[in-house]
Amino acid sequence: MSVLAKRRLATAGVTLLAASSLGLATASQPLQGPAAAATGRKPPAPNIVLVMTDDQALSQVGPRYMPKVTKLLQNQGTAFENAFLTTPLCCPSRAALLTGQYGHNNGVLTNSYRFLRGKRNVLPVWLHRAGYVTAHVGKFLNRYHHTIHPAAVAPGWDQWYTELDTSAGHYYNWDLSKNGKKIHYGNEPGDYAPRVFERSAVRLTRRFVPRKKPLYLEVDEIAPHPRLHGRGPGCGPVPDPRDVGKFGDLQLPRPPSFNEADMSDKPSFLANQPVLTQQDINDMTSRYRCGLASLQEVDRTVGRLYDEFKDLGELGNTVFIFYTDNGVFLGEHRIGGGKLYPFEEADRTPLYIRLPARYRNGRVAQVTQPVANIDFAPTILRLAHARPCRRQGHCRVMDGRDLLPLLRGKSPGWAAERPLGVELHIAYANRSHAVCTYTGVRLPRVVFVRHARVTHRSGGRCVKDVERERYNLDQDPYELHNLCFGGGGCPNDAEQRRLRHLLVKIRGCSGIRGRDRKHSNGSYCG
């Protein structure tokens, strides 16, 4: 064990002793692994590196497209085969990471930071309080810098290397807040935003590792989101100059739901979606190729950070997490881009967690039980020996669960049939998508969604329209056959009654039974 690891272990013991003396709850199950077994003590709080991409489809991962992520994180860590996002939209997804809560509890169900409740009671605050150096690199929650002073550092972050929201969607000619100081980047290859993110993350790693305090490093990439402004090819996502033209002969994936032949089973606002034209398909193919090319710099960043921690002798003390904020449509159900709809393409995320040996008992290559982005904060806090409290008595009730039992190969009773919610509530009509407000619940074999408001057919506003969707995912994994045909009558069976009950329960749920105090207005979450 290195001298630094011994110092961290002692610090962790002091922290736990202090927590006990203050009457604060600590984790009910100790972290396990060879080191813990040998010493009889918990291993020290690890460094944690979290890398989040922006609008990445499941078809854009794998050894051909992201070889370093595959080799270093997936093949050395755990792949979660059924990882979901509770709201398939950028800002709500990021708010779920910060709070461990559904949007109906943290307030963010649309693309704006200003709706976040308890802005000073969030993950980086909790980690800082537990003794971490917290560092943010890349994109933050949408409209943060519209709500707060343009270059201000968000609560809890010790180091802040964040793209200003006024530069959102820019790969070139953009502004960065470096600990509150605005820095402009231009149009040279070295100004390419994902390259700047990589350099910043590496410098922070070298500066703060190894140290007495562990590092929480969150790198929120902008790739492969299409550029919204500025320089770049017309295909959407902007690749690094080194990667322009890569994957130029790749064809668009065409699952059975691609340009779906018969949409009559879908709710009325989707049933008349026009068939994709060849030009639509050509445009999507270009976006897909450019998205893959833009992910090459993200892949290099993961590899570089892995190597840095390895060279610093800290790989055995460092947890890596990789996922995306939401999926994206590439022609499935005739949807030519974006997210928002509660289909598998938008709701699912690749999720890889590399847990060093000292924090587990053997490597678990794959987890099939359903998990969600509300689970990341509870998992990180468990590793960090931290609690979701800005100060004693001021704690946030999280809706997610600690994933460490699954990472250690256990099968807790809650895992197999766990219901997960999916929800959206936007006050404005989206130009590209018809959905405005819905609540859904998913089980391992079925998903049920109740739409409440959709875009008026003339556009520009959301109107009431109650329609439903239910898909049997065992028999219909591509969601081609809505059992609530046309958005109307659903089957009158025991499964439907159960789904209706779960839907009512989950749209107002809060906390976890046995862990949290039940709140007066709702039920426990799954």
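Mentor: Let us start with burial: a residue is buried under 20% relative accessible area, exposed over 50%, and partly exposed in between (1.4 Å probe, protein chains only). Please note that this is a predicted model, in which local features need pLDDT of at least 70 and side-chain atom pairs count only at pLDDT 80 or more, whereas totals for chains, interfaces and linings use all residues. Residues are numbered from 1 along each chain as its sequence is written, and side-chain values use heavy atoms, with hydrogens and water left out.

Trainee: How many aromatic pairs are there by the rule?

Mentor: A pair of aromatic rings is described by the distance of the centres and the angle of the planes. Rings of Phe, Tyr and Trp (its six-membered ring) pair if their centres lie within 6.5 Å; planes under 30 degrees apart count as stacked, over 60 as edge-to-face and the rest as tilted. The count by this rule is 18 aromatic pairs. One of them is the tilted pair of Tyr 113 and Phe 140, at 6.1 Å centre to centre with 45° between the planes. Tyr 113 lies in the loop between helix 5 (103-106) and helix 6 (123-129), and Phe 140 in the loop between strand 4 (133-138) and helix 7 (144-147), so the pair ties together parts that are 27 residues apart in sequence. Helices (H or I, at least four residues) and strands (E, at least two) are DSSP runs, numbered from the N terminus.

Trainee: Are Tyr 113 and Phe 140 buried or exposed?

Mentor: Tyr 113 is buried at 2% relative accessible area, and Phe 140 is buried at 6%. An edge-to-face case is the pair of Trp 174 and Phe 197, with 5.7 Å centre to centre and 75° between the planes. Trp 174 belongs to strand 6 (residues 174-178) and Phe 197 to helix 8 (residues 193-208), so this pair ties together parts 23 residues apart in sequence. Both Trp 174 and Phe 197 are buried.

Trainee: Which residues do ring pairs link with Tyr 113 into a cluster?

Mentor: Ring pairs link Tyr 113 with Phe 140, Tyr 144 and Trp 160.

Trainee: How many disulfides does the rule give?

Mentor: A disulfide is a pair of cysteine sulfur atoms within 2.5 Å, and the count is 5. Among them, Cys 235 is joined to Cys 290, with an S to S distance of 1.8 Å. The torsion about their S-S bond is about -95°, so this disulfide is left-handed. Cys 389 is joined to Cys 395 at 1.9 Å, and with 95° about the S-S bond that link is right-handed. Cys 389 is buried at 1% relative accessible area, whereas Cys 395 is partly exposed at 36%.

Trainee: Which residue does a disulfide join to Cys 436?

Mentor: Cys 436 is joined to Cys 462, with S to S 2.1 Å. This link spans distant parts of the chain, 26 residues apart: Cys 436 is in strand 16 (residues 435-443) and Cys 462 in strand 18.

Trainee: How many bridges join strand 17 to strand 18?

Mentor: Two strands pair if DSSP finds at least two bridges between them. Here 9 bridges join strand 17 (residues 446-455) to strand 18 (residues 462-472), and the two run antiparallel. Arg 453 has Lys 464 in strand 18 as its bridge partner. Strands 17 and 18 form a hairpin with 6 residues between them, and Gly 459 in the turn has a positive phi of about 85°.
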